[in-house]
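Take a look at it, and then we'll go through it piece by piece.

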Amino acid sequence: MRNLDRITNPFNDDKVIANCGIFGVMNTAGGKMSGRDVIEAMANMHDRGNGLGGGFAAYGIYPEHPEEYALHVMFETQRAREETERALQEWFRIGAQEPIPTRNTRGIANAPILWRYFVEPLQEEAIPPTPDGAIALTPDDYVVDRVMVINTSIDGAFVFSSGKNMGVFKGVGHAEDIGTFFCLDEYQAYLWTGHSRFPTNTQAWWGGAHPFSILDWTVVHNGEISSYGTNRAFLEMYGYYCSMHTDTEVIAYATDLLVRKHGLPISVVAKVFAAPLWQDIDRMPSPDRETYTALRQVYGSLLMNGPFAVIIAHQGEMIGLRDRINLRPLVAGSKGDLLFLASEEAPIRLVCPDVERTWAVQGGEPVIGRLFEGIVEPGVDRSAVYEEPCIERFYGHKGQREVHSLSGMRAAM
Amino acid sequence: MRQCSFDVHAYDEEDDAIVSADDRCVGCQRCATYCPTGAITIRLSERDFRLNANWRPEHLMDIKRQAETGGVILTGMGNDKPYRIYWDHLLLNASQVTNPSIDPLREPMELRTFLGAKPDRLRFADGRLLTELAPQVRLEMPILFSAMSYGAITYNAQLALMQAAEECGTLCNTGEGGWPRDFRRFGKNVIVQCASGRFGVDFDYLNQAAVVEIKIGQGAKPGIGGHLPGEKVTPLVAETRMIPVGTDALSPAPQHDIYSIEDLSTLIYALKEATNYEKPVSVKIAAVHNAPAIASGIARAGADIIAIDGVRGGTGAAPKVIRDNVGIPIELALAAVDRRLRREGIRNRVSLVAAGGFRSSADVIKAIALGADAVYIGTAALVAMGCTLCQQCYTGKCAWGITSADPVLAKRLNPDIATRRLVNLVKAWSLEIKEMLGGMGINAIESVRGNRLHLRGVGLEEWELETLGVRGAG
Ligand code: SF4
Ligand code: SF4
């Protein structure tokens, strides 16, 4: 078995620490945008990375393969590619395969071999049962399982992403150069996220960049999670092994567990990761009080403690979330059907000079943009919405305050 | 002179002088503390035995005493032998640069803890919670008062513990010696024990309490029962324990209805039936060699809480040879049990409470990082009330009114002052835990639970680090 840890964590730290810039944009009406703006936004936050990692996730880019899992895979050697392809043929029906187009870009060197495959698991019978034979595998589970096999047992191969009609593009370099390298300006997506990385660990490995992805979930993240040890130990009980030692991996797995396996709504998941304080829970009316108490009792080990701002995306949804005491920045902006999320306000204003409003996302309150539904959660505290400071943060157009209640604010969006 | 309950001081009328029988002194410091002129100093008296690394004075004295009496040597309090104390070899982490530390004076810092079985997942439908949780008890800080029974400790001492538990928002354990009627008003803050002697156990006893604990064993005397001498069985003690006045209160070594894990399960469910499934049921065991396997069995047998008491746990009375030689340190047992339950995927099903010699808030937070949900403190609570660890609890002569049998001595403990001191201790430790959490950049205790990455070992061997699941420092 390949030890990913050796590649991503050569100094054997408890976990890999990185600070970052993050950006996300979604057209909630489903309109497509090229990757040009997101590249520009990342270039604007150049100083948040140090050239040791950048990446993007794009949703809706493969309309011609809507039902096939799109595997983005990097290979360090031709042999790794041959070995992986043999395995893929055994496991999947491969609808199409091709190299991921790239262009020569200054600042990007030593690129691995990059391919994408559009696959479907073979007939149900062909899916081998789990060792205890008890659990029926869904196609999703099967894909997750096979991706883990490739990542951990084929030397020199690593799967960037494995969702449908989406893909992750990432590598070593400044984010904007990575974007140019992957010709992202030529893709059309309704949802883009981007990440530039400032790792304190100098090892540069293409697979180690963000977004981190499992199925069509992607996570870009800025922060350090002090509860990492607790989170990891909890996830291990549910069969997730954090082989890359990053906070981001923990968030991705925890999201997969809570949403896909436990069926929790994403707005509830946000309240697990950034749980309300007990002093606030105690003041809630019933049944909220009981619900939030139960969430902390049962999922307390998945509380992400420490500074973080994160953009989680999957098919049809983009979620922004900050730690519960506002230690890392996250700004939201909106204009018409567009929802922006970023570490700073500047890139939003750069790519959308006529943005209608921008606001600071409040710790522990998720911003949720949903396809065809718009901004379903604005990311400000509902209970405090009548209090001044909160409204103050929610600027109106040209700095005017024009929204005075949550319902008004929602209507305005 | 009257302060000494061990008859050290006497007044010699002829010489008009105070004489001291030095060899009777147990070093309880009562006389020195209360001497109005500060004239008394208690010093370790040098024995004149010839130095010998193998035959130390303790061995010679014990042999001589046994040669005289032919009996088992009794003692009180916890193991005083220099077995390795792992807390002293574990160091905590703090944030620098990449992660801001949090100031507990300015930011909320959460210590609230719930004991009880947790489900593996919650279910929601239309944003409504469907899952019903097993009963949970709420603690405002992860510190509880250990089992100390009425009879072993005085009425006032138990009263102080219950009042303090109520004021702090935590729990206090009655021990196995029953629960005096007029203490039942503290029910919300009380754990009652159901031990091999079943003293005082009835329907009301079980239902008035917050938690019912089945006591299998105790760190200071794993594998053996209890013995409260008849002299200590006063009318109130007798009523509380439901036994005749003046008879010895003997609890058998095993629970005679528990000879196997199935039997334990039967008792757990009998208690749950009796309490209408409204109370968590805890099972307390001494930390012994195969604690992980036993704990796994207890979790599967249906317990909501497992309490593990390490080799340094205190006692009112225990055979010295047992206290000093049986059991393993809580640090190793706790780490091994937590790991085993996680490997088996059943850690959520039970809360883990660690006990046995917690001396400071640092020990507490280290235990939580090793996987405990909360810790029991017993000896530390007694020290807060005045105990000086003279180890004479079994004599009933406690000079501080804590474990005294003599009603005159027992009056020495003012329950309100003792309550205040206990509350102060728990508050002080809570503040210190908050400081340490803040330093790590964490603002909720659950984010340290089982978080061994915040611990580093120093001066430990490879196998010890492995058992603790902790990396060496550096
Ligand atoms: S036993 Fe206690 S009170 Fe008596 S002399 Fe010794 S220290 Fe003083
Ligand atoms: S409780 Fe009393 S007798 Fe026991 S060790 Fe403490 S001071 Fe000594």
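Helices (H or I, at least four residues) and strands (E, at least two) are DSSP runs, numbered from the N terminus. This is a predicted model, where local features need pLDDT of at least 70, side-chain atom pairs count only at pLDDT 80 or more, and totals for chains, interfaces and linings use all residues. Residues are numbered from 1 along each chain as its sequence is written, chains are lettered from A and ligands numbered from 1 in the order in which they are written, and side-chain values use heavy atoms, with hydrogens and water left out.

Let's start in chain B, where helix α9 (residues 330–343) holds B:E331. Because its relative accessibility is 0%, B:E331 counts as buried (under 20% relative accessible area; over 50% is exposed, in between partly exposed, with a 1.4 Å probe and protein chains only). Leaving out residues up to four places away in sequence, B:E331 touches B:I85, B:Y86, B:W87, B:R312, B:L370 and B:L468; touching means heavy atoms within 4.5 Å. With B:W87, a polar atom of the B:E331 side chain lies 3.3 Å from the backbone nitrogen.

Now for the cores, which are sets of buried Ala, Val, Leu, Ile, Met, Phe, Trp, Tyr and Cys residues joined through side-chain atoms within 4.5 Å. The largest nonpolar core has 134 residues, and A:F23, A:W206, A:F273 and A:Y299 touch the most other members. Helix α7 (residues 247–261) of chain A gives this core its largest share, seven residues. A second, separate core has 106 residues, including B:M109 and B:L422.

Conventions: A polar contact is a pair of N or O atoms within 3.5 Å; within protein, one must be able to donate a hydrogen and the other to accept it, and residues adjacent in sequence count only if both atoms are side-chain atoms.
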